[in-house]
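Please look over the structure shown here before reading on. The briefing that accompanies it is arranged by topic.

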Amino acid sequence: MQGEAATRRRVAAFLRNDYARVVAAVATHTGDKDRAEDAVQDAIVKALSADQEPEKLAGWITVVAINFIRQSWRRNEAQGRAYVRCATWDDPSDDESERTVDSIAVHEAIADLPERQRLTVVLHYLDGLSVAEIAETLGVSSGTVKTQLSRGREALAGRLTKEVA
């Protein structure tokens, strides 16, 4: 029971401090804010019912939420393609009328990255995880994370430079 109470306290702290940021990161990764909110909430439920408590709760919830959405995409391939094609950015703290062209271009460029690059870019730049934390969360080496971040930055630079020129 003490473990359950501690998990509930950590989840409550997550909701206060990290929820909006994680939803925004998942939305950027997947291109759908409403689905991101649902997936993050499902991941929170999974965290509450898990036998083991994840060490990095925000990172764990981000990855689990993204995986929930991926599973949904696999079940319905056509719907998954539509989400990628129609990727939009909607920051939960911004009013739609205040979104900028640059912000939309950056988030669309992130949505066009290959899956592994997109995940590492989202976890690092939007969710604030370090290279070591991403490596631990994804179960890969730090070198793999650095490579994916480098390739992601290179692809983003190329895409965003083309759009400005």
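What follows is a briefing on the fold, the packing of helices and a few individual residues.

This is a predicted model, in which local features need pLDDT of at least 70 and side-chain atom pairs count only at pLDDT 80 or more, while totals for chains, interfaces and linings use all residues. Residues are numbered from 1 along each chain as its sequence is written, and side-chain values use heavy atoms, with hydrogens and water left out.

**Overall fold**

- The protein holds 9 helices and 0 strands, where helices (H or I, at least four residues) and strands (E, at least two) are DSSP runs numbered from the N terminus.
- Along the sequence this gives the pattern α-α-α-α-α-α-α-α-α.
- Of the 165 residues in the protein, 40% are buried, a term that stands for under 20% relative accessible area, with exposed meaning over 50% and partly exposed in between (1.4 Å probe, protein chains only).
- Among contacts between residues at least 6 apart in sequence, 66% join residues at least 24 apart, contact being defined as heavy atoms within 4.5 Å.

**Helix α7**

- Helix α7 covers residues 115-126, and its 12 residues reach 15 Å from the first C-alpha to the last, close to the 16 Å expected at 1.5 Å a residue; the expected span is 1.5 Å times one less than the number of residues.
- The buried residues of α7 include Q117, R118, L119, T120, V121, V122 and L123.
- After α7 comes G128, whose phi is positive, near 80°.
- E115 lies in α7 and, at 27% relative accessibility, counts as partly exposed.
- Not counting residues up to four places away in sequence, E115 touches H29 and R70; E115 and Q148 are 33 residues apart in sequence, with 9.9 Å between their C-alpha atoms.

**Packing of helices**

- Two packed helices are described by the angle between their axes and the distance between the axes; here axes are lines fitted to C-alpha atoms, for helices over the stretch in contact, and angles run from 0 to 180 degrees between N-to-C directions.
- Helix α2 (residues 19-30) packs on α7 at an angle of about 155°, with their axes 10 Å apart, and the two are therefore roughly antiparallel, given that angles under 35 degrees count as roughly parallel, over 145 as roughly antiparallel, 65 to 115 as roughly perpendicular and the rest as oblique.
- The contact between them is made by R21, A25, T28 and H29 of α2 and by E115, R118, L119, V122 and L126 of α7.
- α2 passes α7 in a right-handed crossing; a crossing is left-handed if the near helix is turned anticlockwise from the far one by less than a right angle, and right-handed if clockwise.
- α7 also packs with helix α8 (residues 131-138), at an angle of about 130° and with the axes 10 Å apart, so that α7 and α8 are oblique to each other; their crossing is right-handed.
- In that pair, L119, T120, L123 and H124 in α7 meet V131, I134 and L138 in α8.
- The axes of α2 and helix α3 (residues 33-49) come within 8 Å and cross at roughly 125°, and α2 and α3 are therefore oblique to each other.
- The crossing of α2 and α3 is right-handed, and their contact involves Y19, V22, V23, V26, A27 and T30 of α2 together with K33, A36, E37, V40, Q41 and I44 of α3.

**Buried residues and their contacts**

- V22 is found in α2 and counts as buried at 0% relative accessibility.
- Leaving aside its neighbours within four places in sequence, V22 is in contact with F14, V40, A58, I61, T62 and D127; V22 and G59, 37 residues apart in sequence, are 8.2 Å apart in space, C-alpha to C-alpha.
- I66 lies in helix α4 (residues 57-75) and is buried, with a relative accessible area of 1%.

**Aromatic pair**

- The structure holds 1 aromatic pair, formed by F14 and Y19, which is edge-to-face at 6.5 Å centre to centre and 85° between the planes.
- Rings of Phe, Tyr and Trp (its six-membered ring) pair if their centres lie within 6.5 Å, and planes under 30 degrees apart count as stacked, over 60 as edge-to-face and the rest as tilted.
- F14 is buried, with a relative accessible area of 2%.
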